[in-house]
Amino acid sequence: MPPDPPAASTRSRVIPIVALKTGAADELAGSEGDSSVVASLYQADKKIYARSVSGLFSRWRWTLVWATQLVFYGIPWLSLNDRQAVLFELASRRFYIFNLVLYPQDLIYLTGLLVISALSLFLFTAVAGRLWCGYACPQTVYTEIFMWVERKIEGDRAARMRLDNAPLSFAKVWRKGAKHAVWIAIGLWTGFTFVGYFTPIRELAQDVQSLSMGPWEWFWIVFYGFATYGNAGWMREQVCKYMCPYARFQSAMFDRDTLIVTYDEARGEGRGVRSRSDTQAQYQAKGLGDCIDCGLCVQVCPTGIDIRNGLQYECISCSACIDVCNTVMDKMHYPRGLIRYSTPNGMRLKLSTAAMVRRVLRPRVLIYTTALLTVCIAVLGSLVTRTPFKVDVVRDRGAMARIVGQGQIENVYRLQIMNATEKSQQYQLSVSGMPGARVVSETSVQVDAAAARWVAVRVQAPADAAGSGSHPMVFQITGSGGQGVLAEKSAFLVPR
Amino acid sequence: MSDFINGFWPWYVAAISLVSILACALLLWIAGKTKVQVRAGAVDDNTTGHVWDENLRELNNPLPRWWMWLFILTVIFSLAYLAIYPGLGSYQGAAKWSTQSEHKDDIAALQVQVAPLYAEFSAKSVEALARDPRALAIGERQFMNTCSQCHGSDGRGSKSYPDLTTGNAAWLGERSAAHIVQTVTNGRTGMMPPMAAALPGATDVTDVAHYVLSLSGSPFNEVKAFNGKQKFAVCAACHGMDGKGNKALGAPNLTDDYWLHGWGEAAIVNIIKNGKANVMPAQAPKLSADQIHVVAAYVLSIGGLPPVASATAAK
């Protein structure tokens, strides 16, 4: 950037973020005006034209793209037990996940899932850096899809840059328009699929054809579609750099044995252009390393950084630079891996792969693994052994207790029995813990499939069974067909 | 904004809100225009050039410009919000929205939704509704909301709150649709005068109590009951000579095993001495006539319905 012309005339004020004449700022000799430039307080947009890349890690990313998208777009179309296999019904508050029917009371499983996700992120990050960011994050996955569309319509990096700089023409409008149309279509399909998790997708599909969705379905399809289009089409690396919280706190899981994308500085420097016929001895004699300074690693980078500057917070570990550098090394007949997955310690101490693998077993990783396994086992165990119904007991509040017939004390309870199966079920009620107490109303209750039912239950005990006051009592609700027994605590009141 | 008793405060709040928002907008505008002088190398190495303690450098990471537009959007949003919704002092907003009006609209929308259902229910008799599971499901919820506080979730009442599940004999009035609708709509007042003055003798009240116990086959003292039989004449005006009560007066039947105000000598003596005033409040202000129609059907249903004879007989 050219130095600023006489400064006073072009700027109104000066914020003194100007070098002190010490240390790193030694090169700043001369007057202030000569060594400074005028800049905005905000960073200007710098569009990144990522060059396409192919190779091992690129294939892995595309595998993950297919895997995650087949799951996301496919699952709402599966059917099971005459209903959508995965459906989160907000209106009736039933959450169907294949054979599971969850109630809002099962929120603990969502907590468990989130804890498992968080611990997995910790573990994978500690071992292999930002694996999630590079391969599986929706931001990466949709950006990959959107960039593929862009490449098919506008061409690769150089063609796209030419097109952007070209004056307005029919070809430019056509190509840009086509690209955005395809992007918006993908975005809307994503929004439609997302809403399909909450409202039966086959009915939704018919509603969409006749544009007769409800207001909230409209809103979420358009909003989610717009978010996909905006994030994957326009925002891209800005999301990772400025918006994503995971990107920030993942660096807390890094240590010197974490696998990251690294440039082998010792082997690569000094970088420079050389004749392809130069032997190693010849170019080393000129003071050159293996890096030919072709700049391809910068051109393929989706976040626009130069990996040769070392680990940077922008790096999402997508490994595009590894793939492209390996193709260059192949062409030059140099060994691969000038840029490779390695650990900072591995680079510094020149560790073998086996030595780096041995270092995986370090306290941080072991603690994350133990915590993750514990939570996984706890959640799975609780899912497998869960009783497929729930009961809430509510004591009648208006009348504490009543005396019926000749000296029997009667308490009234309302039991809400929630059937978490997809068949009509019979439940048996009994009480224990209060001497002489028995259920005198109907002890067998029928509850429809995936329904909840309130039943009034009368419990009687002899007046002389216990003194006046509140006595703990337990309701036992037995499901038919070995569904288990639930015990719900309540109290039996004896009046004075 | 009725929270303020002084007309000054709404203006004060509105002024602070507006001035703050406009100040934010002004700050954004100035910051967007401002150019600053930075070290020539700063653009490349992202540092301000400040160095402390040999190697600590101050990073310079300016905000991306699009983020500024998000802030400007929030300013536009807040102004639009304040124009449409209440929030600016006592200004009601262009949409005239309030929680009360929303509640009213929701109720109105619900009423439109259920109107056909209630029209269908109202066309039927209470007796017919008592056999309609849809009406009973609605009636049960109304009962739980409005009636169960006194009569219990199972409708079996408690001391001084009548059991609604008994047969007609134990009811204070007729167990009929018309009577239930009448009671729910207008309420009822029950009154038994204190009888202590009419039974002045030292053992009179206890004697009558034992006679009353004997009527229902409860354990009693034969001598006292024998003495009480003559004195029961003062009770017979309402409860009848045979003690079977009088539904027209709401006087309970004393010969069955149902004891609204408590069983046993002590409870009966207390009632005879002190009398009893009991009130069922009118529900008309809370429930519409259509709703009372449905809840009466539910009340009729919980005590058990007679077998459907008419339909088969007609064939």
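Modeller: A nonpolar core is a set of buried Ala, Val, Leu, Ile, Met, Phe, Trp, Tyr and Cys residues joined through side-chain atoms within 4.5 Å. Buried means under 20% relative accessible area, with a 1.4 Å probe and protein chains only. This is a predicted model, where local features need pLDDT of at least 70 and side-chain atom pairs count only at pLDDT 80 or more. Residues are numbered from 1 along each chain as its sequence is written, and side-chain values use heavy atoms, without hydrogens and water.

Biologist: How many residues has the largest nonpolar core?

Modeller: It has 31 residues. A:Val261 and A:Ile339 have the most contacts inside it.

Biologist: Which elements give two or more residues to this core?

Modeller: Helices and strands here are DSSP runs, H or I of at least four residues and E of at least two, numbered from the N terminus. In chain A the contributors are helices H3 (131–136), H13 (296–299) and H14 (320–332), plus strands S7 (260–263) and S8 (339–342). H14(A) gives the most, with 8 residues.

Biologist: What does A:Val261 touch?

Modeller: Contact means heavy atoms within 4.5 Å. Leaving out residues up to four places away in sequence, A:Val261 touches A:Ile307, A:Cys321, A:Ile322 and A:Ile339, among others. Another core, of 27 residues, lies apart from the largest one and includes A:Leu415 and A:Met434.

Biologist: In what order do the strands of the open sheet run?

Modeller: Two strands pair if DSSP finds at least two bridges between them. The order is S4-S5-S6 in chain A, with antiparallel pairing. The edge strands are S4 (86–89) and S6 (100–102) of chain A. S5 (94–97) and S6 of chain A pair over 3 bridges. A:Ile97 has A:Leu100 as its bridge partner in S6(A).

Definitions and conventions:
Chains are lettered from A and ligands numbered from 1 in the order in which they are written. Buried means under 20% relative accessible area, exposed over 50%, partly exposed in between (1.4 Å probe, protein chains only).
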